[in-house]
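Colleague: I would like to go through the labels on this model one by one. Please set each value against its cut-off.

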Amino acid sequence: MAQALVIGDDLTGSNATGALYARLGLRAVTVGDLAQVARYADRVDVLVVNTASRHWNPARAYAAVRAAAETAGEVPLVVKRVDTTLRGNPGSELDAVADVLAAREPAARIRTLAVPAFPDAGRSTVGGLHLVDGVPLTRTAVANDPFDPVRHSRVAAVLGAQSGRSTGELALDVVERGPGAVAAALRESPADIVVCDATENAHLGTVAAAAARLAAEDRIRWIALDSGPFGAALAAELGLRPEDGAPATVLAVVGSVTDRTRTQLVRTETALGARWADLDPAAPDPDRVLAALRAAAGEGATVLGVRVAPEPPGAAAGATSVPDPATAARILRALAEIARRAVAELCPGGLYASGGDVAAAVTSALGADGFAIETEVLPLAIAGHLVGGPHDGLLFATKGGLIGGPDAARDCLEHLRAACTRQTLGPTLSAT
C-alpha cells in the first residue's frame, strides 16, 4: 500500500516532488490517468499523480483531483502539491482532497498545513506573504502570467479565492521557537487551514515535527499543501517507510574538522536525524565509538556516523588545531578500523567518507580493490560502489572535506539512501 499520495498539477513539478521522497528511501512513481492510479496504488511507497490541471478552470480541476484521491484509496499521508509560485487552482484542488478525506473518514479531525516555502529554490513565506527571492508574488513575473496570473501575495488570500475553508497564519517567530511552540499554536488555532511561515529548511522540519506530534497526541489527520519539501519532511517525521521494511542504514566516516564540515554535519542532524559519535583526537578509542554507533542503531537511527570531536570549549573561537603527523596517522587508523568493524557488524546499505585520506583508508580497511564510479552527486562528490573484496558492491560516496555548501553532506547521504532503496527493490515495477 502507498504510504503517501501526492497530487500535483503539472508533470515537472510532480516528478521533482517525487524525487524528494525517493531521497528518503521511499519508492516513488509518477502516473497520470486514473487507470494507472489504480494500478500502482498498492505497488509503490509514494504515488505521485499528475492531474495536469494547472491551466484548467477551478471546477474541472476540483473534479480531476477528487477523482485521483478517490481512486488512490486510503493512505497515511495525502499531499496537495502546488506550484512554487501558487499558480493554478490551489484552493479548489485542496478542497477536493479535503472533501474526499472527510467523506472517507467522517469522524476524523482533518486539517491542512499550508507550507509552500521551498528555500532551496528561493521561495519563502514571511508574515503570510509568499516571496520569490525575497520579492512578494504580485511584484514578480507571475503576476502577469498569461495563463495563471497570481493576484495575491498572501497565501491565505490565494487559497481563499477558491476555498471557503477558514484560514489562519503561523508567524515566523513562533516557528523559530521550535516544535513545542508550533504544536501549541496549532492546538490553539481553530482554522481549517494554517499557513506557516518558513524561510529555511530547518523551519520546514520544525513544523513537520510539531505536526507529527499532534497527529499522535491529538489524532489530527493532516493534509499537506506544499511545493515539495514540506510534504517530504512531514513524511519523514511521521515515520513513513518502505512497505518492504525499514530504510537501509547509511554509515558515514568524517575526518575533516573544518567549520564548513561541522556546519554540514549539523544539517544532517536536523534534516536526516543523523546520529554522530565523536572520536577523541587525543585518545582515539574505536571501541567507545562503536558502542555509541550500536546504541544509536538500536534506537532506530538510520544515518550513523563517526566524526573527529570538535575543539574543547576553551579553544579560541573559529580556531582549528592541526594535529602533528603522528596524531593524524592515529586518527586515520582509528577511523578506518571503526569503518571496518561497523560495516561488518551493522551491515549498512551505503557508506559515506568525507576527506580524501579518510576515503582511501576506509577503502583499504574494507579490503576493496577500488571504487566503481557511477555519478557525481555534486562537484567533487562522487557516488558509486566498492569493487572487489568482502564488501564488493557496497554503495559508497566520497566528498572532499572543504567541498560543497551547508547541505552537501545531506545531499550525499540522501543519494546513498535512495540508491539503497533502488538496489533492494531489484526488478523494475513494469516487470512485476
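Modeller: The structure holds 1 aromatic pair. This is a predicted model, where local features need pLDDT of at least 70 and side-chain atom pairs count only at pLDDT 80 or more, while totals for chains, interfaces and linings use all residues. Residues are numbered from 1 along each chain as its sequence is written, and side-chain values use heavy atoms, with hydrogens and water left out.

Colleague: What makes phenylalanine 371 and phenylalanine 396 an aromatic pair, and why is it called edge-to-face?

Modeller: Rings of Phe, Tyr and Trp (its six-membered ring) pair if their centres lie within 6.5 Å; planes under 30 degrees apart are stacked, over 60 edge-to-face, the rest tilted. Here the centres are 5.4 Å apart and the planes make 85°. So the pair is edge-to-face.

Colleague: Which parts does the pair tie together?

Modeller: Phenylalanine 371 lies in strand S16 (residues 370-378) and phenylalanine 396 in strand S18 (residues 395-399), so the pair links parts 25 residues apart in sequence. Strands (E, at least two residues) and helices (H or I, at least four) are DSSP runs, numbered from the N terminus.

Colleague: Why is phenylalanine 396 called buried, and phenylalanine 371 partly exposed?

Modeller: Buried means under 20% relative accessible area, exposed over 50%, partly exposed in between (1.4 Å probe, protein chains only). Phenylalanine 396 has 1%, so it is buried. Phenylalanine 371 has 27%, so it is partly exposed.

Colleague: How do you know that arginine 60 lies over the face of tryptophan 56?

Modeller: A charge sits over a ring if NZ of Lys or CZ of Arg is within 6 Å of the ring centre and within 35 degrees of the ring normal. Arginine 60 is at 3.7 Å from the ring centre of tryptophan 56.

Colleague: What stands out in phi at leucine 86 and aspartate 133?

Modeller: Most residues other than glycine have a negative phi. Leucine 86 has a positive value, near 65°. Aspartate 133 is also positive, near 50°. Leucine 86 lies in the loop between strand S4 (77-81) and helix H4 (90-104). Aspartate 133 lies in the loop between strand S7 (129-132) and strand S8 (135-136).

Colleague: Are these two residues buried or exposed?

Modeller: Leucine 86 has 4% relative accessible area, so it is buried. Aspartate 133 has 60%, so it counts as exposed.
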